[in-house]
Amino acid sequence: MSRGTSYRLANGGAIDRSRPLSFSFDGHDYTGFAGDTLASALLANGVRLVARSFKYHRPRGILSAGSEEPNALVELRAGARREPNTRATTAELYDGLDALSQNRWPSLAFDILAVNSLASPIFVAGFYYKTFMWPAAFWEKLYEPMIRRAAGLGRAADAPDPDTYEKVTAFCDVLVVGGGPAGLTAARAAARSGARVVLADESFALGGRLLAERRTIDQMSGVEWCSSMTNELAAYDNVRLLPRTTVFGAYDSGTYGAVERVSDHVAVPPDGTPRQRLWRIVAKRTIVTAGATERPIVFGNNDRPGVMLAGAVRTYINRFGVAPGRRTVVFANNDDGCATIADLAAAGIDVAALVDTRSATPRHIADLAARLGVRAINGVITDVEGRHGVKRARIRTTDGASLVVDCDLVAVSGGWNPNIQMTTHLNGKPRWNDAISAFTPGDLPKGMSVAGAAAGEFSLTACLAQGTRAGAAAAAATGFDAEPIDVPTTGDEHVAISAFWHVEGSRHKALVDFQNDVTAADVALAEREGFRSVEHLKRYTTLGMATDQGRTANVNALAILAKLTGKSIPETGMTTARPPFTPVALGAFAGHHRGHDFKPSRLPPSYDWTREQGGILVETGLWMRPAYFPRAGERDWLDTVKREVETVRRKVGICDVSTLGKIDVQGPDSIALIERLYMNGMTTLKVGRARYGVMLREDGMVMDDGTVARLGEHHYFITTTTANAAKVYQHMQLARQWLWPELDVELASATEQWAQYAVAGPRSRDLLSSIVDPVFDIRDATFPYLAAAELTCCGGVKARLYRLSFSGELAYEIAVPARYGDALWRRLVDDAHALGGCAYGSEALGVMRIEKGHVSGPELNGTTTPSDIGLGSMASKKKDYIGRVLGGRLGLTDAERPTLVGFKPLDRAKRLRAGAHFIARNAEATAANDEGYMTSAAFSPSLGHWIGLGLLRRGPQRLGEVVRAFDPLRNEDNLVEVVSPVFIDPEGARLRA
Amino acid sequence: MRLACPCCGERSLDEFTFLGDASVTRPDPSADDAAGAFHAYAYLRRNAAGPSDELWFHNTGCHAWLVVTRDTRTHEILGVRLAQDVALARTGNRKDVRETSA
Ligand SMILES: [Zn+2]
């Protein structure tokens, strides 16, 4: 390899030669310039072998100069910032850039797994399906690890990404996708009319192919014209320029996804700057000016380093001032060959031959070749030779002669494919255009237009005219009068093409899909084996399924398949392009939603106190709920929970229940709505009283439970479970707005407005009497079980008091406006301590509800009816309510259904587990003998052993029976006694105390 | 996708929650065939390929239920109405339907 030899041209290019940048590739140090990409800098240093291919580990060089690159994928950066599969052709060079080649071992030049190439018969199309079929165990132990080693992409970073990503939404009248000549003129025309314009381009400089060609526009060089256009656009207040930004997807309603590489061009993002920014752009009109992508021609060893797309050759010469080789053979089926030999000659690079697939070279090309002293040949390149880099090309002329030409660069052009991806993301079907041998956009999504090369117009004159027209039209469509703009003028050019795809007859591999290593022979094999539909071809050979989505491969493959099947290309069809246009890092989609910030956290009013105490929090939906409050000397959570439960049962405990859903219901028809929502009767509920209620879904299953308190004549306040708060609120709104719109009632969610605490235990009234202001009498006679009142506490703070019990003890719930929540909690804690009480968390709450046989989430699991959970008798027979009709179906009223009962282990030392299945004592543990399952289990401090709730077939009729609780997941098999689900105080004497 | 809420204006999809088909109406629970009618109401859907009326909830907006007419083939939004107005119009109750068309 000619490392160290400079391939940098003496002058030219849009690079800043006064700013040298050092970088390393595979541990070797090199120098490039500001304005280089990693690819141009590698080429400038004579590095041609940059990668090994995916399957056969073939040596690969740089094929393109853009985001379509299938070969030159590298690992960029190191450690936590390591980024695999980065295209060297789009990675901007920065000082200290550190890149590694991928998929080679031990080194690029000597890759042991290149023997895959020799063993290639087993790696042909469909090898996954054929070779590794038998025996099954070999797959896991041998084949898969082997394939993973042999075929692969780069390594992802194995530490959390230290950088930040952000998301932003933008609105505009006109979005311009691509900043080439058509995009720049479109943006200018729209901008001058006053429309809000967003112009996004992949590259760090606007201009597209103009930056890579030697053209003159309005008496300026192409590069000067681009910078004058950029300056004009940047000066408009109504224009947002987004360089380094790829619009990767078109979505519904004029919404586009784009990713801006904010800091990818520096080693480490500056403080406060994200690495990348995900844009959601909502546009009234969109102009796709995404340009076109050049196609290779398929011939033997066409993937060798040194075979490069002709347009890329011109890019490296003109934009980066780099000679991609010393001696070139140009191979083309179109008039672009003309510009290529002219640019090569202007850069002083030897052109050994121009091989034109057409039988007659157009006059203007022949003349130019003669003037430049370039040998013009009508024929094809059949193969190139040179393993790690092209050394010579074998040519077959149209009249059958063979010749060999020494060269180190083959500039190949098979024509251009318009970049139509954005037009197909919403199911638009492209149309084949014979004149340019390529697909062009078909029916467009609403609000979208296409201009320039993306529309199949390859001459610069047409791009400038179409762009200007499209920009003015888009602005006018959004209500801005566009003043007429002169179309910039430029010279004529020739863009004729004669379709040519594949040089047959080489004994070497001829690559179609470079990234996934799919050859012309693979396409032929797929066809022979019957995979003739383009969708089958794709899946059988993996063609087009790599990260480049086959941008340089798909149309060539279609053409080869079409020839084999004797159909035309449009008859053969085209696979659908889907977003993203180029790979987008998951980090960009996640944005700030990582780790704890994945979702917002809701903090209950006792949160600060809990943190101060070292209390343990548990995530319940979005809520961070206190679970238990360990004290010194307690061995584990069970110790703590046991102490909290015993304290409540003997003294008093307080628990933050603010997470319960709360909904305020007001209006003359409140009770009418409530009656239809709850299965039990509510009309008899008096002002100042609360009642337990059960809501069903329309299919008859229990949806939620909670309490209804009547605070006034037409004012009710209801609670829901924590988990279902949002769902129940939506359901109630649906009932009010959609099912019974005539009802005069309003609903408001008040979950976050009220801090609400349970105060439970024999001393709870004593505790509250020091909290509730003395003018309010809360003695049992005036404030009995299920009383509800609006009152004040702590010297005039508005409060609500409910006498409700979830624990089975004498208990209350007190609510104050959320802003007093922290203060009231601290006061309650202090007063509770004075009475020998304590705070308890959701764990103790759960234990006590199981001891009391109250159902909760595990029982209200969407598959249980009221009868299943022992609440069937609550259902009103006097009214209709949601779920009544379908709840009466035979299957739901079957007496055989598993029904709620309690369980005690026969051996009291055994632990019970939710999830265990019930099997009759002497029956075999089979699915057919399954009689239900344990829904909840807890260690009961009150009973001194584990207890459970569960759904058992005909449960209530089997009290006293012993059944197996079989848990194959944990390998447990216990005998349990069927008991009443109420383990504590079945008469309810305590809660009425 | 974007929906034009009659109360809030055009908003992004992620402010809304989808429920389902708005072409079904809750049957008369006292009718003789209530069991069959409720079965159809709860379970049977046309699943049309084309314009369909759907119920959406403006979850992080005004809390209105909306009847959104969407072409299921293209996701084109053909109109958005307040569900309450649609329901009232259906029962002949009152008010004109407040609507925004996309
Ligand atoms: Zn709204």
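**Interface and zinc site of chain B**

Between chain B and chain A, 4 salt bridges are counted (a side-chain nitrogen of Lys or Arg within 4 Å of a carboxyl oxygen of Asp or Glu). In one salt bridge, A:Asp880 meets B:Arg26 at 3.1 Å, N to O. The model is predicted: local features need pLDDT of at least 70, side-chain atom pairs count only at pLDDT 80 or more, and totals for chains, interfaces and linings use all residues. Residues are numbered from 1 along each chain as its sequence is written, chains are lettered from A and ligands numbered from 1 in the order written, and side-chain values use heavy atoms, without hydrogens and water.

Contact means heavy atoms within 4.5 Å. By this rule, 36 residues of chain B touch 28 residues of chain A. The buried area is about 2600 Å², with 54% from carbon and sulfur atoms (accessible area, 1.4 Å probe, that two parts lose on being put together, summed over both). In chain B, the most area is lost to chain A by B:Arg2, B:Arg26 and B:Trp65, together 24% of what that side buries.

The zinc ion is held by B:Cys5 (SG), B:Cys8 (SG), B:His58 (ND1) and B:Cys62 (SG), at 2.0 to 2.3 Å. Donors are N, O and S atoms within 2.8 Å of the metal (3.2 Å for Na, K and Ca); water is not among the atoms, so sites may look incomplete. Angles among the 4 donor atoms run from 105 to 117°, and the site is tetrahedral (four donors, all angles between 85 and 135 degrees). Along the chain, the donors follow the spacing C-x2-C-x49-H-x3-C.

Terms used. Four donors count as tetrahedral if all angles lie between 85 and 135 degrees; four count as square planar and six as octahedral if opposite donors are over 155 degrees apart and all others between 65 and 115; anything else is irregular.
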